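I opened a new notebook page for this protein.

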Amino acid sequence: MATTTATYTVKGMTCGHCVSSVKEEVGEVPGVTGVEVDLASGLLTVGSEQPIEPGRIVAAVEGAGYTVESTS
Ligand SMILES: [Cu+2]
């Protein structure tokens with residue numbers, strides 16, 4: 001069960017395949033317990049038991065081929 005969530009806005013996703021790629025890469029970051037992506041808004045919600053260093057999520061998104069536009 002995720003006890004904390006962080007949201008990011010991802011730029012560059014255009015279809016369901018993009019969403020899957022982001023979910024897969026971010027899901028591999030140690031500590032991540034849940035990943036939700038809203039294609040229309042680019043909103044990425046990451047659930048974890050402990051807060052995760054945002055740079056790790058940004059790196060995962062970039063590894064999938066997309067860009068993080070903002071973090072909140
Ligand atoms: Cu796509």
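**Entry: the sheet.** I started with the strands. Four of them form an open sheet, in the order β2-β3-β1-β4. The pairing is antiparallel. I noted that this is a predicted model.

Which strands stand at the edges? I found β2 and β4 there, each with a single partner strand, so one side of each has no neighbour in the sheet. I also looked up the twist, which averages 30 degrees from one strand to the next.

As a reminder to myself, strands of a sheet pair through backbone hydrogen bonds, either parallel or antiparallel.

**Entry: the partners of β1.** Next I followed β1 on both pairings. With β3, I counted six bridges, in the antiparallel sense. Alanine 6 has valine 46 in β3 as its bridge partner.

How many bridges join β1 to β4? I found four, and these two strands run antiparallel. Strand β4 covers residues 67–71. Threonine 9 has serine 70 in β4 as its bridge partner. Tyrosine 8 stands opposite threonine 71, also in β4.

**Entry: the helices on the sheet.** I turned to the helices. α1 lies across β1, β2 and β3. It runs at about 160 degrees to β2. α2 packs on the sheet too, where it touches β1, β3 and β4. The direction of α2 makes about 150 degrees with that of β4.

**Entry: the whole chain.** I then stepped back. I counted two helices and four strands in the protein. Read along the sequence, they follow the pattern β-α-β-β-α-β.

How compact is the protein? Its radius of gyration is 11 Å, close to the 11 Å that the globule rule gives for 72 residues, so the protein is as compact as a globular protein of that length. The C-alpha atoms fill a box of roughly 30 × 20 × 20 Å along the principal axes.

I checked contacts as well. Of those with a separation of 6 or more, 63% are between residues 24 or more positions apart. Buried residues make up 24% of the 72 residues.

**Entry: the core.** In soluble globular proteins, nonpolar side chains tend to be buried together. I looked for such a group here. The largest nonpolar core has 16 residues. Val10, Val22, Val26, Leu44, Ile57, Val61 and Tyr66 touch the most other members.

Where do the core residues come from? I found that β1 (4–11), α1 (16–27), β2 (32–38), β3 (43–48) and α2 (54–64) each supply at least two. The largest share, four residues, comes from α2.

Leaving out residues up to four places away in sequence, tyrosine 66 touches Val10, Lys11, Gly12, Met13, Cys18, Val22 and Val61.

**Entry: cysteine 18.** Cysteine 18 lies in helix α1. Why does cysteine 18 count as partly exposed? I found 18 C-beta neighbours inside 10 Å, and a residue needs 20 or more to be buried.

Apart from neighbours within four places in sequence, cysteine 18 is in contact with Met13 and Tyr66.

How values were computed
Residues numbered from 1 in each chain as written. Predicted model: local features only at pLDDT ≥ 70, side-chain atom pairs only at ≥ 80, totals over all residues. Core = buried A, V, L, I, M, F, W, Y, C linked by C-beta atoms within 7 Å. Buried ≥ 20, exposed ≤ 12 C-beta atoms within 10 Å, placed from the backbone. Contact = placed C-beta atoms within 7 Å. Pairing = 2+ DSSP bridges. Rg over C-alpha atoms; globule rule 2.2 N^0.38 Å. Axes fitted to C-alpha atoms, helices over the stretch in contact; angles between N-to-C directions.
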